[in-house]
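This report examines how parts of a protein structure are packed together. The sequence and the structure come first, and the discussion follows.

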Amino acid sequence: MEYGLDLEYSFNEFLQGFGLSSEIAHIIWLPLPMLLVLVAAVVGVLVTVWLERKISAAAQQRIGPEYAGALGVLQPIADGLKLLVKEDIIPAKADGILFTAGPILVLVPVILSWLIVPFGQNLLISNVGIGIFLWIALSSIQPIGLLMSGYASNNKYSLLGGLRAAAQSISYEIPLALSVLAIVLMTNSLSTIDIVNQQSGAGILSWNIWRQPVGFIVFWICALAECERLPFDLPEAEEELVAGYQTEYAGMKFALFYLGSYINLILSALLVSILYLGGWGFPIPVELIAKFLNLPINAPFIQVFTASIGIVMTVLKAYLLVFIAILLRWTTPRVRIDQLLDLGWKFLLPISLANLLITAGLKLAFPQFFGG
Amino acid sequence: MSIAITTQFICFTVLSLVVIIGALGVVLLESIVYSAFLLGGVFMSVAGLYLLLNASFVAAAQVLVYVGAVNVLIIFAIMLVNKKEDLKPISDIKSRRVISTSICLTLLSLLIRVDLTNVWSLSSPQNSIGEESTIRIGEHLFSDYLLPFEVASVLLLMAMIGAIVLARRDVMSKDISTGLPVDQELIEKSSEPLLTNKN
């Protein structure tokens with residue numbers, strides 16, 4: 001199964017051609033994929049913000065941003081510039097250190113989680129063995145940042161928002177992890193690369209969504225709750241809490257929260273597409289296309305074709321899910337806090353446990369379909 | 001020294017310093033909120049040390065359990081009962097300090113003895129399993145370490161039931177600490193500001 005471009009190897013070969021040692025070549029290589037992914041994440045946020053504005057406008061029969069660039073595509077950049085040059089205010093009675101550290105603690109784990117997002121066989125920063133578990137662990141750091149900023153603002157709405165956010169993300173982490181566990185059970189590996197490869201046998205038919213429909217729905221609901229998007233945006237419920245833990249924030253610190261929540265949304269969409277929708281896989285297996293074109297699978301043309309199709313498919317699936325998330329946000333009402341916790345603890349948790357049990361049973365009964 | 005070893009050395013020094021200074025801060029700082037957040041930093045640095053030892057699964061588990069669950073709950077509890085009150089002076093503070101210091105020193109000497117007597121270096125580099133460790137930990141948890149693992153879960157269950165009994169006062173007709181009949185009505189609290197103003 002080892003096909004696809006290995007850019008790192010080619011890059012190292014290229015630099016060693018100039019007489020550099022492989023260690024130096026490795027050091028020059030290291031920051032490149034990180035920068036690339038960071039830029040990709042930020043551009044993804046800009047696109048998502050534009051989509052959010054346009055789709056919300058369509059849902060409310062408005063036009064939305066129109067004057068900044070064609071169809072208002074430059075509007076998110078204008079938003080970002082505005083936040084960048086705004087005055088940075090720390091309230092007089094707030095706790096300065098914690099107030100500054102809070103947004104950073106919210107953003108950094110989300111960006112770190114991009115480490116494991118694959119766009120192709122070798123197109124990811126690092127194929128760490130613990131893979132998807134790293135994301136679950138990192139996303140559990142976020143509540144600390146939320147509690148920190150909620151506390152440091154010295155404002156009752158902020159504190160309540162922070163507490164709500166922490167409670168919400170703790171309760172939805174458990175069904176989330178359990179539904180990921182069912183996938184891991186079928187893959188026999190935590191690595192995101194293995195998870196996608198396990199789904200690449202027969203194109204669209206071998207995607208995990210057919211074998212894990214319950215897990216897919218549970219994971220999607222929990223991912224939305226972890227991103228604090230409507231219908232689960234209780235931590236910042238405007239009518240009740242002003243803006244929750246973000247109430248006192250302005251300028252770049254607010255922008256960090258904003259960036260964090262959108263990067264998290266894109267990350268969740270990417271992970272849903274990796275776990276359940278075949279990741280970079282094309283609905284028709286690439287081997288079949290190669291056979292149709294009478295080309296060997298290792299031909300350079302096919303390799304470049306596979307890599308570009310992989311990136312396009314991953315982004316396409318992710319943005320399809322982002323679109324659904326935005327549509328949900330602008331068409332559903334917010335749940336109450338008791339409904340939210342009931343849904344998490346009394347419905348999703350038992351269902352995901354049962355799903356895990358059934359997956360384990362099916363794996364033993366039909367090892368050829370559910371991984372052996 | 002090669003670049004890899006230098007990087008490892010710098011990481012180790014920074015992480016160890018953060019662990020030591022952070023732990024001192026947890027104990028010595030006046031503000032309990034700062035202590036709680038510093039504790040999270042210490043847990044994170046310990047996870048970093050595990051990562052340096054090639055134990056990535058243990059590192060992730062450390063972050064998930066200690067930072068994501070234990071530390072969040074500690075901070076949660078502190079923020080829910082964030083009352084600034086002047087603590088009563090303890091009468092026999094001197095003898096208490098002597099006792100706690102001696103206990104801590106005994107523990108320290110025990111740890112130093114363990115450190116000095118144990119052989120830490122692996123017999124051969126092949127013994128380090130790296131990425132395989134997840135599978136090996138799983139195998140051990142379901143074979144020779146099954147009983148301790150399950151007993152630990154019973155302990156957690158007991159703690160959880162205890163917490164529910166303490167939190168839900170209506171499950172018992174008598175208060176467990178005072179023996180008085182429990183008021184089953186909702187407890188009406190006098191309204192206080194959530195955060196006391198800092199002066």
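A residue is called buried if 20 or more other C-beta atoms lie within 10 Å of its own, exposed if 12 or fewer do, and partly exposed in between, with C-beta atoms placed from the backbone. By this rule A:Asn154 counts as buried, because it has 20 C-beta neighbours inside 10 Å.

The model is predicted: local features need pLDDT of at least 70, side-chain atom pairs count only at pLDDT 80 or more, and totals for chains, interfaces and linings use all residues. Residues are numbered from 1 along each chain as its sequence is written, while chains are lettered from A and ligands numbered from 1 in the order in which they are written.

**Two residues with positive phi**

A:Asn154 lies in the loop between α7 and α8 of chain A; here helices (H or I, at least four residues) and strands (E, at least two) are DSSP runs, numbered from the N terminus. Its phi is near 55°, a positive value in a residue other than glycine. A:Asn188, in the loop between α8 and α9 (192-198) of chain A, also is not a glycine and has a positive phi of about 65°. A:Asn188 is partly exposed, because 13 other C-beta atoms lie within 10 Å.

**Helix pairs in chain A**

Two pairs of helices are set out below. Axes are lines fitted to C-alpha atoms, for helices over the stretch in contact, and angles run from 0 to 180 degrees between N-to-C directions.

| Helix pair | Axes come within | Crossing angle |
|---|---|---|
| α8(A) (156-187) and α11(A) (213-226) | 9 Å | roughly 150° |
| α5(A) (96-112) and α13(A) (251-276) | 9 Å | roughly 25° |

Angles under 35 degrees count as roughly parallel, over 145 as roughly antiparallel, 65 to 115 as roughly perpendicular and the rest as oblique. The angle therefore makes α8(A) roughly antiparallel to α11(A), whereas α5(A) and α13(A) are roughly parallel to each other.

Residues are in contact if their C-beta atoms, placed from the backbone, lie within 7 Å. Among those of α8(A) that meet α11(A) are A:Tyr172, A:Leu176 and A:Ile183, and the residues of α11(A) include A:Val218, A:Phe219 and A:Cys222. This contact divides into 10 nonpolar, 4 polar and 1 charged residues. Ala, Val, Leu, Ile, Met, Phe, Trp, Tyr, Cys and Pro count as nonpolar, Asp, Glu, Lys and Arg as charged, and the others, Gly among them, as polar.

In the other pair, α5(A) contributes residues including A:Ile104 and A:Leu107, while α13(A) contributes residues including A:Phe257 and A:Ile263. By class, there are 11 nonpolar, 2 polar and 1 charged residues in the contact of α5(A) with α13(A).

How many of the 14 residues of α11(A) are buried? The number is 11, so α11(A) is largely enclosed by the rest of the structure. Among these buried residues are A:Phe216, A:Trp220 and A:Leu224. Their cover includes α6, α8, α10 (208-211), α13, α15 (300-331) and α16 (337-365) of chain A.

**Chain B and its contact with chain A**

Chain B has 6 helices and 0 strands. Of its 199 residues, 15% are buried. The contact between the chains takes 25 residues from chain A and 23 residues from chain B. On the side of chain A, the elements that give two or more residues are α2 (22-29), α6 (131-139), α7 (142-152) and α8. That side has 19 nonpolar, 3 polar and 3 charged residues.

Notes. Contact = placed C-beta atoms within 7 Å.
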